[in-house]
Structure formats: structure tokens, C-alpha cells
Amino acid sequence: MGVQGFQDYIEKHCPSAVVPVELQKLARGSLVGGGRQRPPQTPLRLLIDADNCLHRLYGGFYTDWVSGGQWNHMLGYLAALAKACFNGNIELFVFFNGALEKARLHEWVKRQGNERQTAQQIVSHVQNKGTPPPKVWFLPPVCMAHCIRLALIRFHIKVAQSIEDHHQEVIAFCREKGFHGLVAYDSDYALCNIPYYFSAHALKLSRNGKSLTTSQYLMHEVAKQLDLNPNRFPIFAALLGNHILPDEDLASFHWSLLGPEHPLASLKVRAHQLVLPPCDVVIKAVADYVRNIQDTTDLDAIAKDVFQHSQSRTDDKVTRFKRAVAYYSATNKPMPFHPPHYLAARPNQFGMPGIVPPYVPSQMLNIPQTSLQAKPVAQQMSSQGGAQGQGPYPYSLSEPAITLETGGKSLSEQNNYSNIPHEGKHTPLYERSSPINPAQSGSPNHVDSTYFPASSTSSSSDNDEGNGGAVNHVSGNKIGWEKTGTQSESQTRAELGDQTKAEGSSSASSGSQAADVKGNQTSNPQIPCLLSMPTRNHMDITTPPLPPVAPEVLRVAEHRHKKGLMYPYIFHVLTKGEIKIAVSIEDEANKDLPPAALLYRPVRQYVYGVLFSLAESRKKTERLAFRKNRLPPEFSPVIIKEWAAYKGKSPQTPELVEALAFREWTCPNLKKLWLGKAVEDKNRRMRAFLACMRSDTPAMLNPTNVPTHLMVLCCVLRYMVQWPGVRILRRQELDAFLAQALSPKLYEPDQLQELKVHTAEGHRQKQQS
């Protein structure tokens with residue numbers, strides 16, 4: 001689980017760091033300039049990471065979520081949420097995950113495998129017991145994020161979408177725009193320099209709509225319990241295991257920290273299996289290790305000690321370790337200030353100058369803070385002579401962990417928390433005082449891009465399903481065309497070569513390698529070679545280059561994507577040429593119905609053709625060849641990679657899907673479809689949609705036959721009815737869809753909740769009685 005288990009660790013092992021709060025009281029408090037005698041000056045501005053909060057924005061785990069999206073209920077809940085925030089002087093901004101994030105693809109693959117198993121458990125439970133499944137099995141209905149985003153826009157709640165790295169963009173946006181806090185549930189946020197961090201999972205709106213509550217994570221309390229200075233969090237996060245350096249690559253290191261005398265030591269040797277220690281045990285052990293690092297700036301020495309048991313790809317692991325430290329150091333760096341945008345600089349209670357922005361009043365949120373002063377850091381800052389802003393911790397985090405060193409104090413004095421005064425019992429947050437904590441702003445491009453790969457062709461060492469099963473070794477697959485020589489491909493081939501060597505050494509030695517244990521321990525536990533062998537749970541494939549897209553179209557696509565006005569697949573296809581399709585709840589035991597990913601693939605193929613203006617470009621090429629009396633050239637296919645998991649298909653490898661052009665008519669290029677303002681352009685847009693759905697008939701445009709507001713529903717039903725070979729919809733199922741769409745009694749959630757369905761058997765029993 002690696003660093004992703006740190007959030008759960010806080011919940012289970014640091015109860016004093018999780019404090020309940022009521023957001024309306026915070027909005028009336030000193031954070032926004034209010035008080036007992038004066039009204040708030042500005043609203044409480046909170047940034048919500050929708051990726052962690054979808055089930056709360058959806059309305060919670062009410063019992064009928066498994067039957068499909070309960071959109072009326074969701075709209076009612078979001079309307080109540082918007083009203084409660086407006087009345088409570090709270091301004092929400094919801095940030096959706098719109099990034100493809102190839103660097104985290106191995107995490108997505110593991111998650112899809114787990115969700116696919118959960119989907120089958122849900123189907124089996126409903127079939128066998130006929131009752132709603134447990135809420136712990138909650139899987140979001142299809143397109144739930146998209147529907148929530150559109151509903152939030154309808155209720156005038158601002159939204160945005162990430163474009164490259166979701167976590168980095170959320171953190172940068174939070175600091176740039178001066179938000180008072182972040183509502184999320186992710187270890188990456190817990191380990192970064194966020195001023196006030198609230199729980200997305202605990203976000204609840206009372207039934208009367210007047211109280212919005214959640215929990216706040218006091219990260220200085222977590223640091224105290226770990227006895228670890230937060231300046232060392234970047235190295236701590238890198239050594240736990242993450243999307244850059246997976247925890248499987250650190251398995252030997254984690255086991256060596258525990259030692260042979262640990263009660264769990266017997267679990268580490270299992271034939272042909274990669275076994276990882278429990279997450280909470282790893283967190284404590286890594287915290288102890290990081291606390292005792294003498295020189296945090298010497299990453300080479302740290303990496304040499306960490307990977308001393310590595311038997312292959314050591315240089316690659318060292319490089320990934322440095323990249324991981326740089327990644328988390330960037331999230332911990334306070335964003336640079338821009339003095340022209342601020343009013344004044346005044347010394348804070350620690351004697352260091354602090355810049356006070358106009359939108360942050362003289363008193364911040366009443367949150368318990370420690371009074372620890374990092375004297376070495378203060379000396380460094382005063383010697384630099386610059387006015388540094390103060391972070392959310394009472395000591396300065398303006399320098400990354402790799403530049404913090406001793407300033408006359410011993411290692412134990414600078415790392416432990418023995419000099420923190422006892423604060424006593426926690427009082428409610430809105431009754432306490434805290435120093436001024438200016439929101440920090442800066443450019444989201446402040447992070448050095450060289451540390452973050454644009455895409456990752458493979459995960460260096462991942463287990464197949466992430467459940468400790470047998471390690472799978474994936475060999476490179478040849479495809480129909482010749483691969484282009486890229487840096488990532490050469491790296492992949494090098495890794496495969498190392499993998500082959502490791503496999504050979506594994507078969508020769510079979511776990512005979514011994515690992516030295518740190519400290520004064522004399523025994524050498526036998527660590528299997530599997531702990532150092534590279535395994536990957538996904539294999540990327542190089543595809544032909546994508547056709548060029550007009551710059552105007554890319555600008556419009558990027559703008560709409562960032563503003564949350566467009567489904568993220570479109571931007572992914574135009575810029576990356578690949579998409580990720582999440583697992584849906586479907587019965588894999590049913591041999592008659594095709595998986596949803598295959599059912600709607602022909603629609604996506606036509607959409608790909610429209611996005612790359614396939615029909616018009618080929619028609620122009622054919623006309624040019626005809627004029628020059630030449631044979632029409634052979635067109636290279638436009639290939640899109642689809643990552644999906646369904647019956648008979650694992651998510652480890654993408655499927656190569658070819659874009660298609662319409663046969664009936666020549667669709668105009670995307671620039672005309674998107675940017676054309678004439679009536680004819682509007683008609684072409686409608687026809688392109690109908691053609692993608694195989695519903696390009698004049699009757700579909702007649703409002704007498706198909707009401708305009710039911711156009712999408714009718715196109716989807718028509719598409720399913722026309723599916724070749726297999727009958728997707730029966731007559732009674734089609735009637736049920738149409739009846740629900742047309743009946744005015746089925747629009748109100750309360751009436752739907754009270755509706756009782758009578759079976760034919762029940763009707764006969766009623767007649768007989």
C-alpha cells in the first residue's frame with residue numbers, strides 16, 4: 001500500500017490528530033475576519049478534491065445506489081448543500097481529476113482489479129439475497145463524476161479539472177488562490193504543506209441542511225506521535241513507497257528494518273510470492289529510520305543504504321528515489337510570494353517577518369498549534385535576509401527537507417518533539433487562537449518538470465493484483481507495426497533485460513541471497529530474490545503518431561477541460577491518444593450480454609474519427625491523388641489505446657482501437673464543428689452526434705416523434721436495440737425505460753421512494769383473497 005496507507009494510519013493510530021469541526025462556526029470565526037462583535041469580512045473558502053469526495057457529493061451510501069445513478073436524489077442533496085453553504089458564508093470550489101496520469105497507471109490497474117472483484121460480489125449478493133449490498137462495497141455509478149460536475153455548475157458552485165498531475169495541481173491551486181483549507185482524503189495531501197486539511201470522507205450535511213460538519217487533521221500532532229520533523233516528510237514519503245518508487249521495490253528494505261526477531265519475520269519467505277509487511281508496521285519502522293538519518297542532503301548515501309540488498313536495476317531505483325524525494329519536496333515548499341499583491345510585511349510572534357495578504361485578516365482560524373521554533377531554520381532564513389512567509393506549521397518549512405541541517409544542536413534535539421509544551425485538552429477549534437498564516441501563492445509551474453515524467457511506460461515492480469499473490473513477469477509484445485525508438489521504450493527493453501537476468505539468477509540461487517540487517521544484529525535473514533526482481537502489472541504499447549490537430553481546437557479543448565465544461569476523455573484522446581475506462585457493475589457470469597466497454601466501443605470509434613477529422617482529411621487526400629492521376633494512398637490507421645477491465649480482459653495491457661469515419665456522409669473537420677456559429681454548423685453538430693449513435697434518420701429530429709429533452713435517451717435505447725447478434729433489451733425493459741422518462745409522477749424523489757412494485761404473483765394472490 002505504501003504511502004497511500006498513511007491516511008488510514010492517521011485515522012486509526014493518531015486519534016488526537018483528528019478533531020471534529022463544524023464549518024459554519026469556522027465561517028463565523030476569526031479565519032474570515034469575523035467575531036462575536038462583527039460579521040465575517042469574507043466567506044470561508046474551501047477547495048474540495050472531488051476524487052476523494054464523490055460519494056459524499058453524491059449524497060452518501062443510501063440503499064438504492066446499486067440500481068444505478070439516483071440522479072434526482074443527488075440533485076436534491078447538492079441543492080441543499082449549495083443552500084447551506086450560501087447561508088453559512090462558505091464558498092466551495094470543487095476540483096475534479098481530469099488528468100490521465102500515466103505515472104500512476106500501476107495504481108489505477110490495481111484499483112481496477114479490486115473494484116472488478118467488488119462488482120462481482122455486489123452482483124452475487126443481489127442475486128442470492130435480494131437485498132442492497134453493504135455500503136463498504138460502494139462503487140460509483142457510471143459517469144457519476146461527470147453528472148456531479150454538471151450539477152454543481154447548475155447550482156453555481158465553481159468547478160475545475162486537472163490536466164496533467166492531479167495532486168500537484170490541487171496543491172498549487174489551493175495556494176495560488178488563497179483558499180483557507182483543503183477538503184480531501186489522500187496521503188499525498190497529508191504529507192504536503194497544506195495550511196488546513198479537512199476530511200472529505202467525514203463531510204456530512206445534517207438532515208435539516210443547517211449543519212455542515214467534518215474532521216480536521218492536525219498534522220503537527222501526527223508528527224509528534226511519529227517523533228518526526230515534518231521537514232523530513234519528503235524522504236519519509238519516498239521510502240514508504242509511492243507511484244514513482246513502488247513499495248514492491250522497497251520490500252527488501254522494509255523487511256530489513258524489522259529484523260529477524262520481529263514476530264512477522266516468518267512471513268517474508270513464501271515460495272514464489274512477494275510478501276509485504278503490514279502498512280502500519282512499515283510506517284513506524286520507516287519513521288524511525290528517517291529520524292536517525294544524519295545528513296538529509298546526501299541522497300546518494302541514503303539510497304546506497306536503502307538499496308544495499310537490491311539485486312537488479314539498482315541505478316534505476318536510486319533515480320526513482322531521488323525523483324520521489326523531489327516530488328514530495330515540491331509539495332512541501334511554500335509557494336513564492338509576490339510582494340506587489342500584498343499590503344504589508346509585519347513581524348510575526350516568532351520574530352520573523354511575515355507577509356500579510358489583503359484577503360487574510362489579522363486573526364486566522366482558531367486551530368491548536370504547537371509553539372516549536374526551529375532555530376537552525378530561523379538562523380538560515382535571517383542570514384538570507386529575505387522575508388519568508390510562514391507555513392501552516394509553527395516552525396518554518398520554507399526550505400525543503402533536503403536542505404535542513406543542524407545548527408549547533410544534536411541530531412536527537414532537532415528531530416524529536418521533547419521541547420514542545422503540553423497543550424492540554426483540545427478545545428473546540430473556533431474557541432482557540434493561532435498565529436497569522438498567510439495563504440501562499442505562486443505559479444503551478446514552479447515545480448521542476450524534469451522530476452516528473454510525462455508518461456510512464458511501466459511500473460518498475462508491481463504485484464499483479466496487489467494482494468500478495470504470485471509475481472507475474474510480463475514480456476514485451478510485438479505489434480503489427482514497427483515500434484518507434486523512444487527513450488521510454490529503450491528503458492523498457494533495458495528493464496526486460498535486467499528482468500531476464502534476475503530470473504536466471506533466481507532459478508540458480510532460489511533465495512540463497514542473504515541480507516544484512518541494520519544495527520547490531522548478527523543473524524542474516526534469508527530474503528528471496530523475488531523481493532529484488534522487477535515485475536510490472538501493466539505493459540504499454542507504442543502506437544503510430546496521432547494526426548495533427550488545429551491549434552485553435554487544442555486551445556478550446558484545454559480551456560473547456562480546465563473549466564470542467566467537457567468530458568475528460570476528449571482532451572485525453574486529442575493530446576495523449578488514450579483513455580482509461582473504469583469498472584462498471586455488470587454480471588460477468590452472463591454469457592449473453594457483452595461488457596459495457598465493448599457495447600459502446602463502436603460509438604467511441606466514430607467519436608475518435610470526428611475528433612481527428614478523419615473523413616475530411618481522407619477525402620482531401622483522395623481528391624489530390626485523383627487530380628494528379630495517382631492511386632489513392634493507403635491511409636495509416638489512427639489508433640487509440642483503451643485501458644479497461646472487464647470479463648476476459650485484464651487492465652494490464654491496453655486495447656488498440658481504430659478510429660472510424662462515417663460512410664453515409666463526410667463529416668466536416670473538428671474546427672468547423674466546434675467553432676462554427678452558423679445554423680448549418682449547428683445542424684452538422686447534431687447530425688454528427690446522431691451518426692455516432694447510429695440514429696441518423698430524419699424522424700429523430702422531429703419533436704413530434706422524439707421530444708428534444710429525450711433525444712439522448714432515445715438514441716441510447718435505439719443503439720442498444722440495434723446491437724447485432726445479441727438481444728440487449730427485451731420489450732418490457734424498453735417499456736420500463738420509456739415509462740420512467742415520460743411519466744410526470746416519476747420525477748420527484750419522494751414519490752419514487754414511496755413507489756411499490758407489485759409482481760404478477762402478488763397481483764393474483766390479491767385477486768384470490
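Tutor: Two strands pair if DSSP finds at least two bridges between them. Helices (H or I, at least four residues) and strands (E, at least two) are DSSP runs, numbered from the N terminus. This model is predicted: local features need pLDDT of at least 70, side-chain atom pairs count only at pLDDT 80 or more, and totals for chains, interfaces and linings use all residues. Residues are numbered from 1 along each chain as its sequence is written, and side-chain values use heavy atoms, with hydrogens and water left out.

Student: How many helices and strands are there in the protein chain?

Tutor: The protein chain has 28 helices and 13 strands. Of its 769 residues, 50% are buried. Buried means under 20% relative accessible area, exposed means over 50%, and partly exposed lies in between (1.4 Å probe, protein chains only).

Student: What makes contacts in the protein chain count, and what share comes from residues 24 or more positions apart?

Tutor: Contact means heavy atoms within 4.5 Å. Among contacts with a separation of 6 or more, residues 24 or more positions apart account for 73%.

Student: What makes E11 and E12 a pair?

Tutor: Strand E11 (residues 578-581) and strand E12 (residues 639-644) share four bridges, in the parallel sense. The definition asks for at least two, so they pair. Lys580 has Trp643 of E12 as its bridge partner. For Ile581, the partner in E12 is Ala644.

Student: What makes E12 and E13 a pair?

Tutor: Again four bridges, here in the antiparallel sense. Ile639 has Glu658 of E13 as its bridge partner. Lys641 stands opposite Leu656 in E13.

Student: Which strands of this sheet are edge strands?

Tutor: The open sheet has three strands in the order E11-E12-E13, and its pairing is mixed. E11 and strand E13 (655-658) are the edges, since each pairs on one side only. Neighbouring strands are turned by 30 degrees against each other on average, direction ignored.

Student: Which helices lie on E11 and E12?

Tutor: Helix H5 (residues 105-129) packs on the sheet and touches E11 and E12. Its direction makes about 30 degrees with that of E11. Helix H19 (residues 568-575) lies across E11 and E12, at about 145 degrees to E11. Axes are lines fitted to C-alpha atoms, for helices over the stretch in contact, and angles run from 0 to 180 degrees between N-to-C directions.

Student: What makes E12 mostly covered?

Tutor: Six of its six residues are buried. Ile639, Lys641 and Trp643 point one way from E12, while Ile640, Glu642 and Ala644 point the other way. In E11, Glu578 and Lys580 point one way and Ile579 and Ile581 the other, and all are buried.

Student: Why are H3 and H6 called roughly perpendicular?

Tutor: Helix H3 (residues 50-58) and helix H6 (residues 144-154) pack at about 70 degrees, with their axes 10 Å apart. Angles under 35 degrees count as roughly parallel, over 145 as roughly antiparallel, 65 to 115 as roughly perpendicular and the rest as oblique. H3 and H6 are therefore roughly perpendicular. The contact uses Leu54, His55, Leu57 and Tyr58 of H3, and Met144, Ala145 and Ile148 of H6.

Student: Which classes of residue make the contact of H3 with H6?

Tutor: Six are nonpolar, one is polar and none is charged. Ala, Val, Leu, Ile, Met, Phe, Trp, Tyr, Cys and Pro count as nonpolar, Asp, Glu, Lys and Arg as charged, and the others, Gly among them, as polar.

Student: Why are H3 and H4 called roughly perpendicular?

Tutor: The axes of H3 and helix H4 (residues 71-87) come within 9 Å and cross at roughly 100 degrees. H3 and H4 are therefore roughly perpendicular to each other. Arg56, Leu57 and Tyr58 of H3 meet Trp71, Met74, Tyr77, Leu78 and Leu81 of H4. Seven of these residues are nonpolar, none is polar and one is charged.

Student: What makes H3 mostly covered?

Tutor: Eight of its nine residues are buried. Among them are Cys53, Leu54, Arg56 and Tyr58. Gly59 follows H3, with a positive phi near 120 degrees.

Student: Why does Arg684 count as partly exposed?

Tutor: Its relative accessibility is 26%, and Arg684 therefore counts as partly exposed. Arg684 sits in helix H24 (residues 679-692). Not counting residues up to four places away in sequence, Arg684 touches Trp665, Pro668 and Leu673. Pro668 is 16 residues from Arg684 in sequence and 7.9 Å away in space, C-alpha to C-alpha.
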